[in-house]
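User: I have a structure open and want to learn how to read it. Where do I start?

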Amino acid sequence: MKKHFSKFNENHKFIIMCCFIFAGILMSSNEAKAYIFEEESTDMHVQEMNNSDKHDVIRDLKAERTVGAKQLEPVYTDEAQLTTLVYMAFMWSPQPMVLPKPELPAKRVIDPADPAMPVLAPRSEQILETQKVTATGYTAGVESTGKTPKHPQYGITYSGVKVRRDKETVSTIAADPKLFPMGSILYIPGYGYGIVADTGSAIKGNKIDLYFPTTKQVYKEWGKKDIEVQVIKQGAGKCTEQMLAELSKAIDVYKTVPDSWLDKAI
């Protein structure tokens with residue numbers, strides 16, 4: 001009986017030991033699987049963290065680039081922006097933009113009747129009056145005055161000055177002193193400036209004589225014309241060589257009669 005009981009106990013011990021061994025194997029297997037799962041989870045978490053870090057790094061780099069780009073953007077001044085807007089307006093305007101032409105003071109031109117005249121016509125504010133006259137040409141010779149070059153008064157006008165013809169300054173002319181007193185300054189289109197220094201028996205009323213050195217010039221350059229002359233200075237009844245010299249010098253400088261000279265008493 002004892003032998004049988006002892007054998008039974010040994011069998012139970014063996015079974016119990018096998019159960020413990022089996023339980024130990026199962027526990028070891030579960031722990032290994034748990035370790036592997038935890039390790040894989042850790043790896044995946046690390047990978048996710050790495051991916052997240054990479055995204056953060058990329059996002060940070062993009063942000064830095066954006067900030068850097070903003071910092072590198074050129075700063076335009078108000079003047080530059082205005083210039084750009086004007087340029088774009090010109091480029092994109094449906095109709096061409098026409099800028100108004102600045103108004104310039106009117107230039108006084110040489111009298112159109114004779115483009116070769118080297119003097120300028122008087123300004124409108126300088127003209128005292130305009131007279132319609134019949135203008136003829138004359139010389140200092142026998143055909144006009146009855147005097148020869150040997151005559152002591154040859155070429156001497158009624159006022160005492162010597163006759164002269166100068167397109168670039170002033171010439172002597174003959175007129176009726178009742179209409180144009182001695183020393184009066186006229187502008188004759190196509191002839192130039194003339195100062196009344198002579199008279200004539202045939203020069204009465206609205207008639208004037210313009211001096212030319214030769215009869216050939218009288219016929220070629222003038223002849224007889226009905227024109228309008230512009231009076232810019234009323235004479236005081238005399239004309240001298242000094243007056244002629246001063247007037248000639250002034251016109252030579254200004255190409256017209258200056259206001260300062262017209263203001264002087266003649």
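Analyst: Start with burial. Buried means under 20% relative accessible area, exposed means over 50%, and partly exposed lies in between. Now a case from this model, which is predicted. Ser-144 has 38% relative accessibility, so it counts as partly exposed. Ser-144 belongs to helix α3, residues 142-145.

User: What does Ser-144 touch, leaving out residues up to four places away in sequence?

Analyst: Ser-144 touches Tyr-138 and Thr-139. Take Ser-144 and Thr-215: they are 71 residues apart in sequence, yet their C-alpha atoms are 9.3 Å apart in space.

User: How many helices and strands does the chain have?

Analyst: The chain has six helices and six strands. Read from the N terminus, the order is α-α-β-α-β-β-β-β-α-β-α-α. Buried residues make up 27% of the chain's 266 residues. Now take the contacts with a separation of 6 or more: 70% of them join residues 24 or more positions apart.

User: How do I read burial for a whole strand?

Analyst: Go residue by residue, then check each face. In strand β2, residues 170-175, six of the six residues are buried, so the strand is largely enclosed by the rest of the structure. Val-170, Thr-172 and Ala-174 are buried on one side. Ser-171, Ile-173 and Ala-175 are buried on the other. Both faces of β2 are therefore covered.

User: Which strands does β2 pair with, and in what sense?

Analyst: Look at the direction and count the bridges. β2 and β4 pair in the parallel sense, over five bridges. β2 also joins β5, residues 207-211, through three bridges, and these two run antiparallel. Ala-174 shows both links. Its bridge partner in β4 is Asp-198, and in β5 Ala-174 stands opposite Asp-209.

User: Asp-198 carries a charge. Is Asp-198 buried or exposed, and which side chain of opposite charge is nearest?

Analyst: Asp-198 is buried and has no salt bridge. The nearest side chain of opposite charge is Lys-147, 7.4 Å away. A salt bridge here needs a side-chain nitrogen of Lys or Arg within 4 Å of a carboxyl oxygen. Asp-198 lies in β4, residues 192-198. Leaving out residues up to four places away in sequence, Asp-198 touches several others, including Tyr-138, Thr-157, Ile-173, Ala-174 and Met-182.

User: How do I read a pair of aromatic rings?

Analyst: Two values describe such a pair: the distance of the centres and the angle of the planes. A search of the whole structure finds four aromatic pairs. In one of them, the ring centres of Tyr-191 and Phe-212 are 5.5 Å apart and the planes stand at 75°, so the pair is edge-to-face. Tyr-191 lies in the loop between β3 and β4, and Phe-212 in the loop between β5 and α4, so the pair ties together parts 21 residues apart in sequence. Both Tyr-191 and Phe-212 are buried.

User: Which residues do ring pairs link into a cluster?

Analyst: Ring pairs link Tyr-191, Phe-212 and Trp-222 into a cluster. Next, look for charges over the rings. Arg-165 lies over the face of Tyr-191, at 3.8 Å from the ring centre. The charged end of Lys-225 sits over the ring of Trp-222, 4.1 Å from its centre.

Conventions. Residues are numbered from 1 along each chain as its sequence is written. This is a predicted model: local features need pLDDT of at least 70, side-chain atom pairs count only at pLDDT 80 or more; totals for chains, interfaces and linings use all residues. Side-chain values use heavy atoms; hydrogens and water are left out. Helices (H or I, at least four residues) and strands (E, at least two) are DSSP runs, numbered from the N terminus. Buried means under 20% relative accessible area, exposed over 50%, partly exposed in between (1.4 Å probe, protein chains only). Lys and Arg count as positive and Asp and Glu as negative; His and the chain ends are not counted. Contact means heavy atoms within 4.5 Å. Two strands pair if DSSP finds at least two bridges between them. Rings of Phe, Tyr and Trp (its six-membered ring) pair if their centres lie within 6.5 Å; planes under 30 degrees apart count as stacked, over 60 as edge-to-face and the rest as tilted. A charge sits over a ring if NZ of Lys or CZ of Arg is within 6 Å of the ring centre and within 35 degrees of the ring normal.
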